[in-house]
Amino acid sequence: MTQQAQEKMERSEKRLNERLRVCVATCNRADYSKLAPIMFGIKSHAEIFDLEVVVLGSHLIDDYGNTFRMIKQDEFDIHAKLHTIVRGEDEAAMVESVGLALVKLPDVLQRLAPDILLVHGDRFDALALATAAALMNIRILHLEGGEVSGTIDDSIRHAISKLAHYHAVCTRSAERHLISMCEDHSHIILAGCPSYDKLLSAHQRDDYTDIIKSWLGDDVKEQSYIVALQHPVTTDIQNSIKIYELMLDALISFNKRTLILFPNIDAGSKEMVRVMRRKGIEQHPNFRAVKHVPFDQFIQLVSHAGCMIGNSSCGVREAGAFGTPVINLGTRQTGRETGENVLHVRDADTHNKIYHALELQFGKRYPCSKIYGDGNAVQRILKFMQSIDLSEPLQKKFCFPPVKECISQDIDHILETQSALAVDLGGTNLRVAIVCMKGKVVKKYMQLNPKTFEERIELMLTMCKQAMADAVHLNCRILGVGVSTGGRVNPQDGIVLHSTKLINEWSSVDIRTPISSALHLPVWVDNDGNCATLAERKFGHGKGVENFVTIITGTGIGGGIIQHNELIHGSTFCAAELGHIVVSLEGPECMCGSHGCIEAYSSGLALQREAKRLHDEDLLLVEGMSVNNKEQVNATHLLNAARLGNSKAESILHTAGTALGLGIVNILHMINPSLVILSGVLAEHYENPVRQVISQRALLSAQGTKVMVSELEDPALLGAASMVLDYTTRRTY
């Protein structure tokens, strides 16, 4: 063993015997909500970490609720309290506060001598912390860097990122921003927002009605009130005060009970409070004005509100996890990634625009979004901190351009595979799978499908929760849930309008809401034929093809149509019911009630019907075949009989193939695709008959249409996953 290796081993052994000293510095009520889950995690691993807590900033000011008390209530020992705020609430006071913090911090940091300092976000207090620690050669872990919000906070946030040695970010975009800023990607962990760890598990408390009543009154019900939280924009104070005044006017006119929180301590907050008092908000019967709400109670109030309004980051971040409708006012959050629950009002000259936004948003509910976290941030951050090598040189290394866009996906806990939960609701089996971006099924689960709606939903949720738990260990980040089901589906609302006869009771059933509410993930639902088509577009023969049709040949006949790269649903969501194209006026009865449909000739059930008829007439079995008394005759027996030379079976299969071919010819003449993909268990048996019918019956201009057999093993699951992977609810403004 070399001397260098020996020294490294000795350092590792010494590190195992020493606890990592982690200093968490919290400046205000907002950053404590993000830091507290990490602090609890550190405290629960006392054999690994030594927690040191420093409190400064507005935590120690009475006008802002003396919020350091909640840190004590959480039973954390406070190792230092620093009064660092110079009152005045203007630009000069902010600068003086930074200077005062820089004067006081060195003594505290020298006494505590932490191995790592945790700094959160983009406040001016945090800039003072990062500056002091960097100059004192203390390693800095910055939380929530790389984000964009469009104000002076951006400049402060990015400045802290440049001072920090390590980064725990919430979103993939934030990670890419840091890499573009020349930060070392091996020092970045995509963890998610720590506050999500608490809010996803705690927002469904049984006593939420008591919390609502305690803050808003005994007569206030769930979703009947508004939460308002507006802060000044330090780069445009006068305009932010104007927007604040218009918001208050709109809320007064809207006449709903409102919980309004005082603004933060930034420059301009004093003027905003004056506006609030001039309008008599504190005495108005519809308003309850408060300086602080404990985070666990604030979660309940936001999650059950009829609407949230203002410019707080909580509106564009945490509120999305509950599907709470949000109205984001002004420019303070410009650039943030948001879910579809956020409606932006960039500017207004009267309160009418804000009032109209309230009319649009109040009382709505949106799919839950996990853009900023999945509830596993703390364990990722703790694991990341344990991996930090204190023997490494402290000097930062910057990775200057060119920056690679594609970063290796096998760096443990640094990058995770973006994945989807795919659900295939079949007539017999219920299947769930974790599917990654490249179409690989990472893990699959299967159970027999229960008979009742309640049992199916319960089993589906149980399987999905198990898959989500496994995904963390498999290094997969679940972006959402895609559901493939039989029948006619309204994908816009996630509702099964009419189910197939194979899946009883699934008519006018909302599948999206119970799954989204339970898993806190966006959910997409579509017909199994459409899902198989989406799978072909993303992973199969349809990749890069602008116009194609997929035909599903199985128990029934289904399919999907891609026209100009878009899936066609139709005005009543019954487009691509290809199995019910009529190819004969006097044909056999179909399960839809009509006669002569393709499905009545070519589906697995149709072949099974014909096999039973031949068997009853003793015309099915030929030499080399046998059917025992307990075995049910099915389509497989008909296929085997034809393969062994049974002329009757061959004739039935020829008719089935011809019927399918005629239906496809009609499709070619209607929408003129460049490709037809045959999918399902019967696809290979129909490939040649279909090509033959096209060559004989199609117009000359359509005879060159390609016909291919799908190579995908699980088109329903892959298609369900593709809905998530292609359309995850993410918008950047």
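This is a predicted model: local features need pLDDT of at least 70, side-chain atom pairs count only at pLDDT 80 or more; totals for chains, interfaces and linings use all residues.
I kept to residue numbers that run from 1 along each chain as its sequence is written. Local features need pLDDT of at least 70, side-chain atom pairs count only at pLDDT 80 or more, totals for chains, interfaces and linings use all residues, and side-chain values use heavy atoms, without hydrogens and water.

**Sheet**

I looked up an open sheet of three strands, ordered β19-β20-β21 with antiparallel pairing. β19 (488-490) and β21 (509-510) are the edges; each has a single partner strand, so one side of each lacks a neighbour in the sheet. Strands here are DSSP E runs of at least two residues, and helices are H or I runs of at least four, numbered from the N terminus. Two strands pair if DSSP finds at least two bridges between them. I found two bridges between β20 (residues 495-498) and β21. Val496 sits opposite Val509 in β21.

**Salt bridges**

I count 30 salt bridges in the structure (a side-chain nitrogen of Lys or Arg within 4 Å of a carboxyl oxygen of Asp or Glu). I checked Asp115 with Arg21: 3.5 Å, N to O. Asp115 is in the loop between α4 (91-112) and β4 (116-120) and Arg21 is in β1 (residues 20-26), so the pair ties together parts 94 residues apart in sequence. Asp115 is buried at 16% relative accessible area; Arg21 is partly exposed at 31%. Buried means under 20%, exposed over 50%, partly exposed in between (1.4 Å probe, protein chains only).

Next I took Arg380 and Asp374, with the closest N and O atoms 2.9 Å apart. Arg380 is buried at 7%, and Asp374 is buried at 14%.

Last, I noted a salt-bridge network linking Lys34, Glu144, Glu147, Arg317 and Glu318.
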